Amino acid sequence: MTAENTEKYIVRKPIYENGGAVKNRLGPVMTYISSKQIPGADYYVQMRWIKGMPQPNPRIHEHVHDFDEIILYWGGNYEVPQVLGGEIECYIGGQPITFNTTTGIYIPKGTPHGPVTWKKFDFPHLQINIMLGCGNHEEAWGKSGIDVPKKSLPRKTKKFDYEQYVVRSPMREAGGKFKQGRQSPTMTHISGVQIPGVKVYIEAGWIWGVVDHSLPEMSHPNFEEIVLHFGSDPENPEDLGAEMDFNIGGEPKTFTSTFGVFLPKGVAHGPLTFKEARKPYVEMAIMLGAGNVKEGWQGSWLNRDKKEENKQEQRRNNGPETER
């Protein structure tokens, strides 16, 4: 695979294509994964910084999609990663949901959601929208009704607790071997363990220094993956605040700006070498089709490491080497 071929999986510069003018909110929004940028990618990922109390508030009104959606509200202070930096009220299926922590929300297709109203602002935070099965803004939001104000608040009509779609507190289950320069373990904010039936696994963590060792080469034979690295400066959101080398398909790539990568099944990626960290930034892995950490990382370097650990333990015990 040539450097030219692997570059097609990378988005180094976002598209600013929608979102309108809202005071204290980045707009237009930054699109980092779409079929316009990566032909064949059937996903749409956009992010925006919230820098103060949005005006107008609410700006996002009740709407509905023909596709499953995941919304992440990500706190912007790496020292308190589970604190959102604000308080938000979001209606799902007519049910008001309020949260003030870094939160993941799963919205099945056809589920009305909105309005979204900020009740409090403490410090900058991110809103990340991930549309599944749809690669462009027009198809995802064009007829959703998101921009149309409603005369009254929505009413809940079904006997279903939509809290089941909300993850306010992450699991801490992956990446525990990294002890220097990064959050360890990382935070799992969406999975089939937290929200039964969901087949997407999202883990992310802060990096604030040069990590003590690199991530090795890996591949995922059964699932597509989206990898995001984004900076923490709301005034300069394209600045990663770091420099890293990331091999994709055997080709070394260097990054100094916020970027997104779409990885089809089986495409090798890594090693990932952290060279410089001027400001804290976030590494996020979105495993598409996997419901938990075991499914998502099956066949990757984690399994190879586990086998090697088993062999080393057997050597210490003078026992036979048996791969599991």
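**Close-up views of the predicted model**

View 1. The volume of the largest cavity is about 40 Å³. Ten names make up the view: Val22, Arg25, Pro54, Pro56, Asn57, Pro58, Arg59, Ile60, Val116 and Trp118 line the largest cavity. Seven of the lining residues are nonpolar. Two are charged and one is polar. Among the lining residues are Pro54, Pro56 and Pro58, which belong to the nonpolar class. Arg25 and Arg59 also line the largest cavity; arginine falls in the charged class.

View 2. Strand S7 covers residues 83-92, and strand S8 covers residues 95-101. The two strands run antiparallel and are joined by six bridges. Cys90 stands opposite Ile97 in S8. Two residues lie between the strands of this hairpin. Gly93 has a positive phi there, near 60°.

View 3. His269 belongs to strand S19, which spans residues 269-277. The relative accessible area of His269 is 4%, so this residue counts as buried, the cut-off being under 20%. A polar atom of the His269 side chain lies 3.0 Å from the backbone oxygen of Val267. Beyond its neighbours within four places in sequence, His269 is in contact with Pro216, Glu217, Met218, Ser219 and His220, among others. Its contacts also include Glu225, Phe246, Asn247, Ile248 and Leu263.

Terms used:
Residues numbered from 1 in each chain as written. Predicted model: local features only at pLDDT ≥ 70, side-chain atom pairs only at ≥ 80, totals over all residues. Heavy atoms only, no water. 1 Å grid on protein atoms, 1.4 Å probe; cavity = no way out; pocket = protein on both sides within 12 Å on 5 of 7 lines; lining within 4 Å. Points joined across faces, edges and corners; volume = space filled by probe spheres on them. Helix = DSSP H or I, 4+ residues; strand = E, 2+ residues; numbered from the N terminus. Buried < 20%, exposed > 50% of the residue type's maximum accessible area, 1.4 Å probe, protein only. Polar contact = N/O pair within 3.5 Å; in protein donor to acceptor, adjacent residues only side chain to side chain. Contact = heavy atoms within 4.5 Å. Pairing = 2+ DSSP bridges.
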